[in-house]
Each structure stands twice: as structure tokens, then as C-alpha cells.
Amino acid sequence: MSFTQAPPTLLNQFDEDRALRSLLARLLPADVLADVEPSLREMGRLSAELYPAQLADRLSEPTLTQFDAWGNRIDRIELTPLWRTAERIAAEHGVVATAYERAHGRFSRIHQFALAYLFTPSTDIYACPLAMTDGAARVLLDSGNAMLIDGAVPHLTSRDPAAFWTSGQWMTETTGGSDVGGTETMALQDEAGEWRLHGRKWFTSAATSQMALTLARPAGNPPGGRGLALFFVETRDDAGTLRGIRIDRLKDKLGTRKLPTAELTLDGTPAIPVAGLSDGVRAIAPMLNVTRTWNAVSAVALMRRGLALAEDYAARRTAFGAPLARQPLHADTLAGLRAEWMGALHLTFRVVELLGAHETGEGDDAGRALLRVLTPLAKLTTARQGVMVASEVVEAFGGAGYVEDTGIPMILRDAQVLSIWEGTTNVLSLDALRAMQSAGAMHSLGTLGPVRAEVARLAAQVRDPMLVPVAEAAVRAVDHAAAWLADASAAGRAEVEAGARRFVLTLGRALEAALLAAHAEWEGDAQGGDAASAARRLVRNGIDLVHAVDAGGAADVAAHPEPSHSALRSATS
Ligand code: MFK
């Protein structure tokens, strides 16, 4: 009766991650790689070191104290111990700053997101405020608003924990998280000409940030997204008192429980317009695209963490006379998950590569169009993969995976948010469709132009007979998706809308397979290499989801042809 199981353990998460190291060796010039490797190895070490601390901190949660003992409204949020450590590490190691210092030009985005990928799994989704901080820096720099650039960006990109700010992204209201055009918050000018916000923000992640970007409707503006303006809010005055903001409640969520996600009332909150007094949704879009990239990086990072633990455990846990790793069915299950993670890794870092080139002015029009399309594709594809892989990781531990103090259930709960926030799978499917339509129209490429060109470019690099079938499967899947889109468009808008998720997931998965095949060709081991095995396995897992389409969904919608998403208006026009 003395048998006990050995818990999984983690070693340096950079050194242990062959897939990441191989990818970086291809994406980065040798001198850049040599330069950034020590910082990545250090983050890999910290990631392993923080894991036991994360488990020890498992039960602590942020708390909100609304009043002091004398009845004064204070609205103070106490963060969890690991979050306070994470904030310091993030600043000191430049998890945001690296992208803006640009020590390696366009490659700095790759360096930064590799840091973020290693940082994320042991820091209880501190990636959330970092994502919004990165997005805010991007928006402010793009806005050309010199006062805000000078006043805020140095804080957002600081490596000094005392000077470092995070930013909130207050978009969601009770009217909805997706249909942001329905925002009810009003912006009114006081007698001194200062803008003041009045409204209720319903889902504000990481509510302890020093600033926020938010949307409000200047008095007299029309309804809808165009009537909104983007505002900058500094949340506290010099004495640390909230400026016209009340924290009504912290959300009680399924996961991301260390995040102090709050409901706020804005009651005369001073605010500064960032970029004019209309078109706020368009103005905040660069932030969305950055946070969606963070979302994809986080999905890949959580998959990696789950697999690292499951693989370590499989090597130790003996059942039916052999370690799980040598049980054919268990090994096959893990191989299937590894393929999902590696496909997601390659798709995500393709977006990161394009983002770096775009931001440094080194990209061309085709790269810009591809980036716009691949950002929602990567976000939605990797988020779905993240939820699926996390669920399988729980199962790979058997009953232990279902027990809270193993720390395994937390991975599943946290992964589940990735397909919801920053745009649900369905909202992003429609966004991707619209982006493809406008890219195609702009460049006379047809709707699938950028994706098709990318898959063709990758397929052309694949020569090894062991990999050619993967490249061919990717091309076939995209062709099938294109044929479906043509048929569905002829049948009408509802038909396109009903099939949009299967359509874009097919494109996302086909891209992943093509990227893996091209990388495997570069690795030069088409038979037994990691990327080659993952590429073949991803195709066996299934990349073409278009076949599942039938007219049922569209027929239901057609019976109620009420308002449609604006994406569809342009996607089918
Ligand atoms: C750890 C990972 C990081 C996670 C951090 C998360 C923390 C934050 C938590 C949150 O805040 S979650 C809430 C996030 N909310 C969303 O993501 C909103 C989801 N809904 C959408 O994305 C809708 O499609 C959208 C709000 C954009 C629709 O609004 P509208 O008012 O119908 O706008 P419309 O007409 O679609 O777009 C307005 C303009 O913006 C158009 O340009 P034009 O004015 O030139 O025609 C669009 O082309 C442009 N646009 C919209 N989305 C864009 C974009 N441009 C570039 N990129 C995009 N993604």
C-alpha cells in the first residue's frame, strides 16, 4: 500500500522546447539568435522556477475592498503574490519593451513574443495586462498624438518596475462584448472643455492598470461604431485616488481567476480623445490585432505547458507493465496533441514575423494584407486548438488531471477564455472573411488571394517525397474552401455566414500544415524530424473541415433574415 505517483516536473522551458528553438533558428539570423538566446534561456529558467510558486499560490485570488473603516469609498484591489512578482519580471525582462526598443529591428517582435511565450504559462495569465499594454503602445504610436505618446508610451515600454504602466482596454458594455457599436458610454465636455465619460464598463480585465483606452460616444454623435471615439483615461490622480471611477464588482469567472476583472462605473471620468471624435472602433483596431496576437501566443504557450507536463508524467507513470509513454495508444494520443501545438506555434509566429516586418516598415502590401487576414485566423484557430489540447491534457493524467491541487485543471479553465475574449470564434470568422474580401478587392487577387499565395509559396518549398503529400493536402484544402465560398456566395449571405467558421478553420489548419511541411523541409529530416512528424499527423488529425457544411444552418438563419454583421455585407457584396 506504499505506491505513490511522481508528480510531473519542469526543467528549463527554453532548453526543453526543441520546436521553439528550431523555429527561431530558421526565423532569426544567426547573430540575432546568438544575441537573444541568453534572455530566452533565462526566461525558460524562470518559467520552470516559478511553476512551484504558481502551484503554491493556487488558491489566492484578488480582492476588492470598496470602503475603508470610516466609510470612505476606496475601491482598492489587492493582487495575488505571483501577479506582483510577474509584473516585476515582465518589466525587467522587457516582455513588452523588447518590441519597442527594436534592438534587432523587425526581429525584435519575434524575440519579444518568444519571451512572452516562455513567460505566460507560469504567471497566471499576467499576459492579459501585458497584451493590452502592448496594444495601447501600438495605438498611441499610430495615433500621432504627441502629448499621449510622450506622456504614456515611455511608461508602457519601460523596463523599470517603478515606472512601468499597464493599460486596460475597456470595450465591453452590458450591450455586448462583440457588438461594440452599441456602446452606451457618453463623452461630455465640461465648462473647462475637458472631456468626461459617463457610463458602465462591464468586463474590464486587469482593472489595476494605470491607464486605459476606452470607447465613448461624444454627445451629438450618431449611433454605431462610427459615432464612437477612442479616449485615453489615466485611472488615478497623484494621490492614488480613482478619477471618477467606481469599481462595482469583481467577476466570478470560470478561469483566469487571478485577473481582477471588474465592472466599472464611469462617473465624470476625465478623458482625452486619442485620435479625433469619431471612428473609435477603427482607431482601437490596432490594439485588437496586437492583443489577438498575444491571444494566439498564449494559446500556444498553454498547450506547450500542458504537453510538457503530460509528456514528463508519461515517462514516469507506469501502468499495465510499462510507462505510459511506451503504451502505443497513449503515445499516439500525445503525438496528435503535439501536432496541434506545433501547427499553432508555426502559424502564430508567422503572424509575429509579419507584424515585425509591418511595424518596421519592411513589409510590402502583400505582407500587410496577409497580416490582416492571418491575425484573426491565427487567433481563432489556435484558441480552439488550445481548448481541445487542454481538455486532452486533463484526460492524459487520468483522475489526477481532474484534481485541483495537481494544478492541471487550471490549464483547461484558463485556456477556455482564449476562444471568447478578444473576439469569439464566430465573430473572428466573420472578421477574417471581411479581411479576405477587402484584401482580395484591393489587390485583384480574389477573396482567398493572400492565403492561397501563402500556401502556394510554402508548398513550392517542399520537395521531399515524404512531405509533398502534406503540402498537397494543404493546397487541396484551400482549393476546397475556395470552391465552397463560391457556391455559398451564389446561394446568398446566410449560407456564407453559416459556414464561415468551418471555412476559416480549414484555412487556418491548412496554413499550419503547409508551414510545418516547409519547416520540416528546412530541418532536413523528413522522416523522423519533429516538424515532419507533426506535419503528417496534423493532416491525419484533419485539416479540411469544409465537408461538414450543409444548408441547415443557413436555412435556419434565412427564416429570420434580421440584421447581419457588417462583415457579411462586404464579404458577399
Ligand atoms: C492573453 C491574451 C490577451 C488577451 C487580453 C484580453 C484582455 C481584454 C479583454 C477584452 O477587452 S475582450 C473584448 C474584446 N472585444 C472584441 O474583441 C470585440 C469583438 N468584436 C469585433 O471585433 C467586431 O467585429 C467589431 C467590434 C470590430 C465590430 O464593430 P463595428 O462597430 O461593427 O465596426 P466595423 O464597421 O466592423 O469596423 C469599423 C472599422 O474598423 C472598419 O474600418 P472602416 O471604418 O475603414 O470601414 C473596419 O475595417 C475596422 N476594423 C474592424 N476590425 C478591425 C478593423 N481594422 C483592422 N483590424 C481589425 N481587426
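## Basis of the description

Helices are DSSP runs of H or I with at least four residues, numbered from the N terminus. This numbering applies to the helices named below, including H8, which contributes three residues to the lining of the second largest cavity, the most of any element. The model is predicted.

Asp134 is placed in helix H6, which spans residues 127–143. Because buried means under 20% relative accessible area, Asp134, at 0%, counts as buried. The side chain of Asp134 makes a polar contact of 2.8 Å with the side chain of Arg109.

When neighbours within four places in sequence are set aside, the contacts of Asp134 are Val96, Tyr100, Arg109, Gln112, Phe113, Val290 and Trp294. Asp134 and Arg109 also belong to a network of salt bridges that includes Arg138, Asp142 and Glu359.

## Salt bridges

The structure as a whole contains 38 salt bridges. One of them pairs Arg109 with Glu359 at 2.7 Å, N to O. Arg109 is in helix H5 (residues 108–119) and Glu359 is in helix H9 (residues 328–359), so this pair ties together parts that are 250 residues apart in sequence. Arg109 and Glu359 are both buried.

Another salt bridge brings together the side chains of Arg537 and Asp332, with 2.9 Å from N to O. This pair likewise links distant parts of the chain, as Arg537 belongs to helix H16 (residues 530–541) and Asp332 to helix H9, 205 residues apart. Arg537 is classed as buried because its relative accessibility is 14%, whereas Asp332, with 31%, is classed as partly exposed.

Arg88 and Glu92 are four residues apart in helix H3 (residues 81–92), so about one helical turn separates them. Arg88 is partly exposed, having a relative accessible area of 39%. Glu92 is also partly exposed, with a value of 36%.

## Largest cavity

Three cavities of 30 Å³ or more are found. The largest cavity holds about 100 Å³ of space. It is lined by 13 residues, of which Gln54, Pro121, Leu302, Met410 and Ile411 are the closest to its centre.

Helix H2 (30–56), helix H8 (280–316) and helix H11 (408–416) each provide at least two residues of the lining of the largest cavity. By class, the lining of the largest cavity comprises seven nonpolar, three polar and three charged residues.

## Second largest cavity

The volume of the second largest cavity is about 60 Å³. Its lining consists of Gln13, Asp17, Ser47, Tyr117, Leu118, Pro121, Ala301, Arg304 and Arg305.

The lining of the second largest cavity divides by class into four nonpolar, two polar and three charged residues.

How values were computed: Residues numbered from 1 in each chain as written. Predicted model: local features only at pLDDT ≥ 70, side-chain atom pairs only at ≥ 80, totals over all residues. Heavy atoms only, no water. Buried < 20%, exposed > 50% of the residue type's maximum accessible area, 1.4 Å probe, protein only. Polar contact = N/O pair within 3.5 Å; in protein donor to acceptor, adjacent residues only side chain to side chain. Contact = heavy atoms within 4.5 Å. Salt bridge = Lys/Arg side-chain N within 4 Å of Asp/Glu carboxyl O. 1 Å grid on protein atoms, 1.4 Å probe; cavity = no way out; pocket = protein on both sides within 12 Å on 5 of 7 lines; lining within 4 Å. Points joined across faces, edges and corners; volume = space filled by probe spheres on them. Nonpolar A, V, L, I, M, F, W, Y, C, P; charged D, E, K, R; others polar.
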